[in-house]
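I opened a new notebook page for this structure.

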Amino acid sequence: NMKLLLTGGTGFIGSHLVRKLLQENHNVFLLLRKSSDTKRISDILNRITPLRVPDSSDLSEIFELQTFDGVIHLATYYVKHQATPLEIEQMTKTNILFPAMLLEQAVRAKVSFFLIIWTCFEYEQSNGKLSETSPINPFNYYAATKVAFEDLVRYQSKQHNLNAATLKLFFPYGENDNEKLFVLLVRRFLAGEAMEISKGEQLLNYTYVSDI
C-alpha cells in the first residue's frame, strides 16, 4: 500500500491510472490547481487526497506535511496549433519549471521513485519504425520541453541516486479520451458528417489506455 503523489490525475491517462491505483489499494494524493477540471474522476474524489498547488509553485510544504513512496508526473500543457508567445511561456512553466520544482522536492524527500509519462514526439520523425533507440529530435516546442525536463531528471537521478523512468507513449486511446483521431471519427460517423482523411499510408501503433 504505497503513498503516491500524482500530477495530471484529472487528465485522460491520469484518470485511468488513479482508478487502477485505488483498485490496488494504494493511497493516492493528487496535486490540483484551482482551474483543474475533475469531471473524469468526480465519482472517486472521496477516495483520494487532493492537494492544492500553491500559486508560488513552492511545493516544499506539501512534502513537509506528507511522506510519499513515489511520484508519478503526468501533468502537461499542449497546444495543437503553432504556439503563441503566451502559450510558449505557459508550456515552459508547466512542462519544465513546475516539474523541476516537483523533482527537487522529491529528491530532498528521498522518494523511492519518480515516474514520468511522456510522448513519442520526442523522437525524430521517420518513414521507418520508431523505437527507444531512435534519435531524439523534438517534433515541436511541446516535445522540446519534454526533452528538456527529461535531461533534468537524468541529472538528478545520477547526482542523487534517484530511481527514475520515462514512459514515451505511442498514440494512446480509450474511454474519456481527448479530441483525437478515434473520438473525432466516432463523432463524425454518428453525426453523418464527412471527414477529410489521408490515403491511409501511415502505420501508427495505437496503445489502449488500460494497457498503459
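I start with a term: two strands count as paired if DSSP finds at least two bridges between them. With that in hand, I looked up L4 and found it opposite V28 in β2. Strand β1 (residues 3-7) and β2 pair in the parallel sense over four bridges.

Next, confidence. I note that this is a predicted model. The mean pLDDT of the chain is 91, and 100% of its residues reach 70 or more. I found the lowest confidence in helix α5 (residues 181-191), with a mean of 88. Strand β4 (residues 70-73) has the highest, at 98.

Then I traced the sheet. It is open, has six strands and pairs in parallel, in the order β3-β2-β1-β4-β5-β6. β3 (49-52) and β6 (163-169) are the edge strands, each pairing on one side only. Neighbouring strands are turned by 20° against each other on average, direction ignored.

I turned to the helices. α1 (residues 12-23) packs on the sheet and touches β1, β2, β4 and β6. Its direction makes about 170° with that of β1. α4 lies across β4, β5 and β6, at about 160° to β5.

Last, the core. Which residues of the largest nonpolar core touch the most other members? I found L5, L31, F63, F68, V71, L102 and F114, out of 22 residues. α3 gives the most to this core, with five residues. Beyond four places in sequence, L5 is in contact with residues including F29, L51 and I72. I also noted a second, separate core of 18 residues, with L4, I13, L32 and L169 among them.

Notes:
Residues are numbered from 1 along each chain as its sequence is written. This is a predicted model: local features need pLDDT of at least 70, side-chain atom pairs count only at pLDDT 80 or more; totals for chains, interfaces and linings use all residues. Side-chain values use heavy atoms; hydrogens and water are left out. A nonpolar core is a set of buried Ala, Val, Leu, Ile, Met, Phe, Trp, Tyr and Cys residues joined through side-chain atoms within 4.5 Å. Buried means under 20% relative accessible area, exposed over 50%, partly exposed in between (1.4 Å probe, protein chains only). Helices (H or I, at least four residues) and strands (E, at least two) are DSSP runs, numbered from the N terminus. Contact means heavy atoms within 4.5 Å. pLDDT is the predictor's confidence in each residue, from 0 to 100. Axes are lines fitted to C-alpha atoms, for helices over the stretch in contact, and angles run from 0 to 180 degrees between N-to-C directions.
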